[in-house]
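Subject: Structure handover and findings

Hello,

Here is the structure you are taking over. My notes follow it.

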Amino acid sequence: MEYKHFNHEHNLAILELPAVAAATAKATNGIHCSGCRTPISGSAYACRECNFFLHLECGNANRAMEHPSHELHHLTLLPYPTYSAGAFVCNACGAPGSSFSYCCPLCEFDLHVRCALSPAIISHREHRHELSLTYGLPYPQAKASSSPNACGICHKLVDNNYWSYSCGLCKFQLHTSCATPEMVPVSYQADGGAGNAAAAAAQPGSSQNGSKPADVEDQVLATQLELMRLQHELELSHQLAKMMASVNLSSLV
């Protein structure tokens, strides 16, 4: 069975890749996902000819989505950042990225694909209650516990400007990155309603956290990318004008 991804010229096949510890993969330059730049093993989309690999979740990510963390506009899946720096900073975790992202160019809002697909409610062995995904300080649930707590796993402070998993009853918090390896998704509903991971995953195009695919035509995607391109050209023109002004002033001295 072959699969065509919009960001690769060849058809991709589903292969079983050997499991390698993350630390080992990093040290030995092992196989990494071309979408999220993290180590990849198990079932994956692959083009052996080009050494192009994708996690199934990265390869199946919708081209656009409406996400509860950014209700103003839909987010568009971009294969690479279009900022002049060639990178973005994820609004969910604060970590930089240089590959796939869900982006709102109007607001310069960016999410790693894995962050965008984080489940809304999880259970974790470190806490007896279910934990809810909190979207940072602009949201009411974050304001209620705006004083930073220590992460229940790594014991470092949780920056409430970014997402975390929390228990409102106990004021218990986890970094999303700390919670991910051992979490058990409970609900993929943004409002915490009934539902479970298996039911959500079985539905084509279903979300993992209350987000939903946006019915967006390619023309809209093209318009957004064109807007970002024009913004970058304007920024470069502004920098060039400053340089020329500096040269002219120095010649008068």
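H155 sits in the loop between α4 (140-143) and β13 (164-167). Helices here are DSSP runs of H or I with at least four residues, strands are runs of E with at least two, and both are numbered from the N terminus. Phi of H155 is near 65°, a positive value in a residue other than glycine. H155 is exposed, with a relative accessible area of 60%. Buried means under 20% relative accessible area, exposed means over 50%, and partly exposed is in between (1.4 Å probe, protein chains only).

This is a predicted model: local features need pLDDT of at least 70, side-chain atom pairs count only at pLDDT 80 or more, and totals for chains, interfaces and linings use all residues. Residues are numbered from 1 along each chain as its sequence is written, and side-chain values use heavy atoms, with hydrogens and water left out.

R37 also has a positive phi, near 65°, and is a residue other than glycine. The loop between α1 (22-27) and β3 holds R37. R37 is partly exposed, at a relative accessible area of 48%.

Overall numbers

The protein has seven helices and 16 strands. Of its 253 residues, 39% count as buried. The accessible surface comes to about 14400 Å², and 55% of that belongs to carbon and sulfur atoms. Those areas come from the Shrake-Rupley method with a 1.4 Å probe; for residues, only the protein chains shown count as cover. Take the contacts with a separation of 6 or more: residues 24 or more positions apart account for 54% of them. Contact means heavy atoms within 4.5 Å.

Strand pairing

An open sheet of four strands runs in the order β1-β2-β3-β4, with antiparallel pairing. Its edge strands are β1 (2-4) and β4 (52-55), each pairing on one side only. The twist averages 40° from one strand to the next. For that angle, axes are lines fitted to C-alpha atoms (for helices over the stretch in contact), and angles run from 0 to 180 degrees between N-to-C directions. Two strands pair if DSSP finds at least two bridges between them.

Within this sheet, β2 (residues 11-17) and β3 (residues 42-47) pair over five bridges. A13 stands opposite A46 in β3.

Other antiparallel pairs:

- β5 (residues 64-67) and β6 (residues 70-78) pair over three bridges. They form a hairpin with two residues between them. H67 has H70 in β6 as its bridge partner.
- β6 also pairs with β9 (residues 101-104), over three bridges. T76 stands opposite C103 in β9.
- β11 (residues 121-124) and β12 (residues 127-134) pair over three bridges. This is a hairpin too, with two residues between the strands. I122 has L131 in β12 as its bridge partner.

Core

The largest nonpolar core has 45 residues, and L54, Y102 and L111 have the most contacts inside it. Such a core is a set of buried Ala, Val, Leu, Ile, Met, Phe, Trp, Tyr and Cys residues joined through side-chain atoms within 4.5 Å. β3 gives the most to this core, with four residues. Leaving aside neighbours within four places in sequence, Y102 is in contact with A61, N62, M65, L75, T76, L77, F109, D110, L111, V113 and A116.

H55 lies in strand β4. H55 is buried, with a relative accessible area of 9%. Not counting residues up to four places away in sequence, H55 touches C33, C36, T38, P39, I40, Y45 and R114.

R114 has another partner. How many salt bridges does a search of the whole structure find? It finds one. R114 forms a salt bridge with E57, and the closest N and O atoms are 2.6 Å apart. R114 lies in helix α3 (residues 113-116) and E57 in helix α2 (residues 56-59), so the pair ties together parts that are 57 residues apart in sequence. The criterion is a side-chain nitrogen of Lys or Arg within 4 Å of a carboxyl oxygen of Asp or Glu. R114 is partly exposed at 39% relative accessibility. E57 is partly exposed at 27%.

Best regards
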